[in-house]
Amino acid sequence: MFQLFNMIAAIILITVDMLLGTYPLLYGIYALGIFLPSLGLSVRRLHDTGRSGWWLLIGLVPFVGGIVLFVFTVLEGEQQQNAYGPNPKLAPAY
């Protein structure tokens, strides 16, 4: 859901920037503001699948790295507790 709302906000901001003629301004501010939360959520997703957050660096490998990172993030998380904690889907609802 985070990526969906992030993409919608980015499209809106890019459109507004283009209409105003200040293309990188609003989107650039938004991109800087969302960088750390996006990084944290990516690491959390890799932890859910039992991988270290350092696997994000594989995205720097041209062509193949982005595909491998995409596959890692869409895989189902581990059902049992792993080295990074319990399965968040099995957490009790409050």
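E76 is exposed, at a relative accessible area of 51%, where exposed means over 50% relative accessible area, buried under 20%, and partly exposed in between (1.4 Å probe, protein chains only). Its side chain meets that of K89 in a salt bridge, at 3.0 Å from N to O; the term covers a side-chain nitrogen of Lys or Arg within 4 Å of a carboxyl oxygen of Asp or Glu. The pair links distant parts of the chain, with K89 and E76 13 residues apart and both placed in the segment after α3 (64-74). K89 is exposed too, with a relative accessible area of 63%.

A word on the ground rules. This is a predicted model, in which local features need pLDDT of at least 70 and side-chain atom pairs count only at pLDDT 80 or more, while totals for chains, interfaces and linings use all residues. Residues are numbered from 1 along each chain as its sequence is written, and side-chain values use heavy atoms, with hydrogens and water left out.

Back to the charged pairs: the structure holds three salt bridges. Side chains of opposite charge can pair when their charged atoms come close. R44 and D48 form one of these bridges, at 3.6 Å from N to O. They sit four residues apart in helix α2 (residues 23-48), so about one helical turn separates them; helices here are DSSP runs (H or I, at least four residues), strands are runs of E of at least two, and both are numbered from the N terminus. R45 also meets D48 in a salt bridge, this time at 3.9 Å from N to O. Again both residues belong to α2, and their spacing of three residues is about one turn of the helix. Because they share partners, the salt bridges join R44, R45 and D48 into one network. How buried or exposed are its members? D48 is buried, with a relative accessible area of 19%. R44 is partly exposed at 46%, and R45 is partly exposed at 22%.

Then comes T49, in the loop between α2 and α3. T49 is buried, with a relative accessible area of 7%. The side chain of T49 reaches the backbone oxygen of L46 at 2.8 Å. That makes a polar contact, a pair of N or O atoms within 3.5 Å; within protein, one atom must be able to donate a hydrogen and the other to accept it, and residues adjacent in sequence count only if both atoms are side-chain atoms. Contact in the plain sense means heavy atoms within 4.5 Å. Setting aside neighbours within four places in sequence, T49 is in contact with F72, L75, E76, G77 and E78. G50, which follows α2, has a positive phi, near 85 degrees.

Helix α2 itself deserves a look from end to end. At 1.5 Å a residue, its 26 residues should span 38 Å, and the end C-alpha atoms are 36 Å apart, which agrees; the expected span is 1.5 Å times one less than the number of residues. There is a kink of about 40 degrees at F35, shortly before the proline P37, the bend being the angle between axes fitted to the seven residues ending there and the seven starting there. The buried residues of α2 are I34, S38, L46 and D48, and they pack against α1 (2-20) and α3. V43, also in α2, is partly exposed at 23% relative accessibility. V43 touches G53 and L56, not counting residues up to four places away in sequence. The C-alpha atoms of V43 and W54 are separated by 8.0 Å, although the two residues are 11 apart along the chain.

What about α1? Its 19 residues should span 27 Å at 1.5 Å a residue, and the end C-alpha atoms are 27 Å apart, which agrees. Here N6, A10 and D17 are buried. These residues cover an arc of only 35 degrees around the axis, so they lie on the same side of α1; the arc is that of the directions from the helix axis to the C-beta atoms. The face turned away from that buried side carries the exposed residues F5, I11 and L19. Among what covers the buried residues of α1 is α2. After α1 comes G21, whose phi is positive, near 80 degrees.
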